[in-house]
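Here's a quick briefing to read alongside the model. Have the sequence and the 3D view open as you go.

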Amino acid sequence: MMSRAFRNARLLIVDDEEANVEVLRRILARAGFTRVESTNDSREAAALYVQHRPDLILLDLHMPHLDGLEVMDQLNEIAQASYLPILILSGDLTPEARRDALSRGAKDFVSKPFQPDELLLRIKTLLETRFLYIQIQSQNQQLEAKVRERTRELVEAQTEIIERLAVAAEFRDDNTGQHTHRVGQMSALLAKQHGLPDKQVSLIRRAAELHDVGKIGVPDKILMKVGKLTPEEFEIVKTHTVIGARILSGGKFPLLRLAEEIALSHHERWNGEGYAGMKGIDIPLAGRIVAVADVFDALTQQRPYKPAWTVADAIAEIDRQRGEQFDEGVVDAFLRVIEHAPENPS
Ligand SMILES: [Fe+2]
């Protein structure tokens, strides 16, 4: 008694002799197969394959129009890399014929006239292989889906940890993390407008959130001081770039390496008058981008030592600093971003 999987297996017979097809159909029906298609015209084989997606093809070799080898060529083209069991039924099974058929994808041979028992055993073996292949394929798909899911979770975890780290850094003066979040968003808009590829834009969005992570190393009494900083205090504030880069250094992932670069360079100025005196294109592009995003956000927000600027004033200031504090290309990108912003203030 055959299992349900075998009874439900789809078979396709391609043989030009009607009598052969009838004999085969009878043998298969007696064995319990219920889904058998057949044709005497080998030119129909490809269409029938597409229509029925058989689990096994019983194929004659010598046929008018298209012979068995040509049919296999057609089927291989349609089936591409998927496993296609073909059982050759032929009276002419010379070593050459076997070799030709094997090279075209035949999986087994049965000589005509065939013994029904042998034929059925070979069909069963081929179907077992076919079902195992399908099973492995479905397991692979499940595994791939699981890997995709885990990868997504990892990226989410990474993003979340980075956001928390950024909030920790700014906790003393911005415990909502809004500044870091806005700088990340604006940096991504600038990067996109600057023409960077989507993958890089997304990395900059997340890495930019860590630009001030080094503030963790700046003492409270300086960071939270309401009055003007002394020159010595300002020198200590300036160390947040180096501290941030040190915290992030040696990272294995592109995201951390980019974050390190941004932490170190976001206070550099195009004209070389920034914290470390880096100049022009020696300043990494991500640093030049975050510099604009950071200053724009700082200007438009109220701080203990200054009122919030209007957006229009802040835009004018950024524009005034083109080629001085900021890279002209990034300022151009900034102006285009502002122009396209839904809440265009002008
Ligand atoms: Fe900073």
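Let's start with Asp212, which counts as buried because its relative accessibility is 4%, under the 20% cut-off. Keep in mind that this is a predicted model.

- Asp212 and His240 tie together distant parts of the chain, 28 residues apart. Asp212 sits in the loop between helix 8 (198-208) and helix 9 (220-223), while His240 belongs to helix 11 (residues 240-248).

- Which residues of helix 11 are buried? They are His240, Thr241, Ile243, Gly244, Ala245 and Leu248.
- The cover over those buried residues includes helix 10 (231-238) and helix 12 (254-265).
- After helix 11 comes Gly250, with a positive phi near 75 degrees.

**Leu210, in the loop with Asp212**

- Leu210 lies in the loop between helix 8 and helix 9, which is also where Asp212 is found.
- Buried or exposed? Leu210 is buried, because its relative accessible area is 0%.
- Leaving aside residues up to four places away in sequence, Leu210 touches Ile162, Leu165, Ala166, Leu248, Ala259 and Ala263. One of these, Leu248, is among the buried residues of helix 11.
- Leu210 and Leu258 are 48 residues apart in sequence, and their C-alpha atoms are 9.8 Å apart in space.

**Helix 3 against helix 4**

- Two packed helices are described by the angle between their axes and the distance between the axes.
- Here, helix 3 (residues 45-52) and helix 4 (residues 68-79) pack at about 35 degrees, with their axes 9 Å apart.
- The crossing of helix 3 past helix 4 is right-handed.
- Helix 3 brings Ala45, Ala46, Tyr49 and Val50 to the contact, and helix 4 brings Val71, Gln74, Leu75, Ile78 and Ala79.
- By class, that contact has eight nonpolar residues, one polar and no charged ones.

Key:
Residues numbered from 1 in each chain as written. Predicted model: local features only at pLDDT ≥ 70, side-chain atom pairs only at ≥ 80, totals over all residues. Heavy atoms only, no water. Axes fitted to C-alpha atoms, helices over the stretch in contact; angles between N-to-C directions. Helix = DSSP H or I, 4+ residues; strand = E, 2+ residues; numbered from the N terminus. Left-handed = near helix turned anticlockwise from the far one by under 90°. Contact = heavy atoms within 4.5 Å. Nonpolar A, V, L, I, M, F, W, Y, C, P; charged D, E, K, R; others polar. Buried < 20%, exposed > 50% of the residue type's maximum accessible area, 1.4 Å probe, protein only.
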